[in-house]
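Please work through the exercises below with the sequence and the 3D structure open beside you. Each task is followed by a solution that goes step by step.

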Amino acid sequence: MNAKIANYTNNVKARQLQRTLYLCAKGSKTRRFHALYDKMHRPDILWEAWRRVRENRGGSGVDQQTLEDISDYGEKKFLNELYVELKEKDYQPQPVLRTYIPKDDGKKRPLGIPTVKDRVAQMAMKIVIEPIFEADFKESSYGFRPKRNAHQAIAKIRKESKRSYWVLDVDIQGYFDNINHEKLMKLVEQRISDRRILKLVRKWLKAGIMEDGSLQESEWGAPQGGVISPLLSNVCLNVMDTIWEKQFGHLGTLIRYADDFVIMCKTKQQALGSIRVIQGIMKKLDLTLHEGKSKLVNIWDDNEGFDFLGFHHRKFPVRKKGGHVFYFMHHIPSKKAMKKMRKKIKEYTSPRFKLHVDMEELIEGLNRKLQGFKNYYQLSPMSKRWLNRIDWYVLQRLNIFRNNKKNRRYKHGYLQETAKEVSYKLVKLAI
């Protein structure tokens with residue numbers, strides 16, 4: 001109970017600090033903050049940073065130290081040592097550990113995993129400086145921001161689709177790996193003049209990458225996996241948001257989630273003009289567009305759609321009284337999302353070592369995956385048709401599992417029997 005009270009108190013203090021900094025930054029667009037470092041290593045901020053890092057989970061970095069190791073070592077002792085290092089300016093970040101996660105196209109996405117200590121220090125800084133930059137971020141940005149999410153971005157797409165017929169779907173080539181450090185630091189310095197904070201941000205950017213035992217210098221980019229990286233990426237792309245809002249908002253509506261964004265325009269001429277503007281802004285930021293993934297789409301009717309945030313967005317026909325046909329924007333799971341979910345279900349139910357697991361236990365674990373999928377993709381009435389396909393696939397996989405478990409010869413011949421057994425235990429997506 002005492003731990004819960006302490007966590008609550010630290011959370012309240014952190015939010016009070018954030019609110020004060022946000023209001024100060026909002027009150028003056030030109031104010032630069034010069035006394036932030038002492039707030040970053042405040043004991044209550046470090047404890048709140050540790051709580052958030054612990055909740056986010058995550059693996060170990062180059063030092064192989066895990067969250068469990070720190071709990072065994074002593075959380076208070078660990079944070080006291082970090083407090084002393086930060087206060088005495090002895091803290092030195094370690095290189096990030098390079099790891100890869102497979103992508104749907106067969107390629108691999110590089111991640112950089114900082115050590116737990118570095119994640120806590122980054123989280124403490126994020127708590128302090130995030131509200132300052134939040135005061136400058138635009139309404140068009142939805143990714144990795146407090147009280148903003150992908151569903152809000154999709155709601156904006158649905159609203160704009162009523163008056164927009166052309167969509168510029170943009171993908172930035174290797175965004176996180178190609179951020180210019182010098183330009184990023186100049187953007188950070190527009191709001192922060194505390195040299196200790198700036199020095200620490202630069203150290204994280206230049207910490208290097210450890211891959212296969214060899215250290216590589218990091219002259220460009222911010223590692224995906226770092227706590228501070230999403231905030232820094234938003235600081236960089238806020239330049240685009242600001243330029244667009246001030247000078248080119250008449251061309252269309254910009255909707256951005258991290259490094260993915262779309263521009264919704266009324267006419268093709270506006271959309272073509274938007275392409276030239278975005279290319280100019282990307283050149284200013286030393287970034288390039290991915291020509292293979294960026295495209296111009298006509299969403300007048302149901303002939304074309306576009307993928308964004310895991311959804312396929314398309315106007316489907318709806319017949320009204322009198323035979324009139326109207327087109328309304330709907331959001332259904334993309335082909336990539338459907339394929340990825342089927343793969344997860346198959347990988348979870350197919351291993352032979354799971355045959356000793358009880359059916360109810362298997363369904364309980366499967367339900368956690370299904371519930372998350374349902375919560376995210378059950379936005380549009382039209383999505384029910386696609387969610388029903390996943391329901392059917394789950395039933396097929398459970399039927400194969402059940403027949404393998406009972407060593408039945410005809411693996412697909414008992415589907416009704418399986419459906420009767422599991423129907424009341426299984427999360428239904430299409431309801």
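**Exercise 1. The chain as a whole**

Task: State how many helices and strands the protein chain has, and describe its span along the principal axes.

Solution: Before counting, keep in mind that this is a predicted model. The protein chain has 15 helices and eleven strands, and its C-alpha trace spans about 70 × 60 × 45 Å along the principal axes. Of the 431 residues in the chain, 50% are buried. Turning to contacts with a separation of 6 or more, one finds that 69% of them join residues 24 or more positions apart.

**Exercise 2. Helices α6 and α9**

Task: Determine how the axes of α6 and α9 are placed relative to each other, and list the residues through which these helices meet.

Solution: Two packed helices are described by the angle between their axes and by the distance between those axes. Helix α6 covers residues 116–134 and helix α9 covers residues 195–205, and their axes come within 12 Å and cross at roughly 135 degrees. That angle makes α6 oblique to α9, because an angle has to be over 145 degrees to count as roughly antiparallel. The crossing of the two helices is left-handed. On the α6 side the contact is formed by Ala 121, Gln 122, Met 125 and Ile 129, which meet Ile 197, Leu 200, Val 201 and Trp 204 of α9. Sorted by class, this contact has seven nonpolar residues, one polar residue and no charged ones.

**Exercise 3. A residue of α6**

Task: Decide whether Gln 122 is buried or exposed, and name its contacts beyond its sequence neighbours.

Solution: Start from the location of Gln 122, which is in helix α6. Its relative accessibility is 5%, so Gln 122 counts as buried, the cut-off being under 20%. When neighbours within four places in sequence are left aside, Gln 122 is in contact with Pro 114, Trp 204, Gly 226, Val 227 and Ile 228.

**Exercise 4. The nonpolar cores**

Task: Find which residues touch the most other members of the largest nonpolar core, and which helix gives the most to this core.

Solution: The largest nonpolar core has 75 residues, and those touching the most other members are Leu 36, Met 40, Val 120, Met 125, Ile 129, Ile 197 and Met 282. Helix α6 gives the most to this core, with eleven residues. Taking Ile 129 as an example, and not counting residues up to four places away in sequence, one finds that Ile 129 touches Leu 36, Ile 192, Ile 197, Ile 228 and Leu 231. Apart from this core lies another, of 46 residues, including Met 264, Phe 316, Met 329 and Tyr 393.

**Exercise 5. Helices α12 and α14**

Task: Work out at what angle α12 and α14 pack, and describe their contact by class of residue.

Solution: Helix α12, residues 335–349, packs with α14 at an angle of about 20 degrees, and their axes are 10 Å apart. This makes α12 roughly parallel to α14, since angles under 35 degrees are counted in that way. The crossing in which α12 passes α14 is right-handed. From α12, Met 338, Met 341, Arg 342, Ile 345, Lys 346 and Thr 349 take part, and they meet Trp 386, Arg 389, Ile 390, Tyr 393, Val 394, Arg 397 and Phe 401 in α14. The contact has eight nonpolar, one polar and four charged residues.

Technical notes. Residues numbered from 1 in each chain as written. Predicted model: local features only at pLDDT ≥ 70, side-chain atom pairs only at ≥ 80, totals over all residues. Heavy atoms only, no water. Axes fitted to C-alpha atoms, helices over the stretch in contact; angles between N-to-C directions. Helix = DSSP H or I, 4+ residues; strand = E, 2+ residues; numbered from the N terminus. Parallel < 35°, antiparallel > 145°, perpendicular 65-115°, else oblique. Left-handed = near helix turned anticlockwise from the far one by under 90°. Contact = heavy atoms within 4.5 Å. Nonpolar A, V, L, I, M, F, W, Y, C, P; charged D, E, K, R; others polar. Core = buried A, V, L, I, M, F, W, Y, C linked by side-chain atoms within 4.5 Å. Buried < 20%, exposed > 50% of the residue type's maximum accessible area, 1.4 Å probe, protein only.
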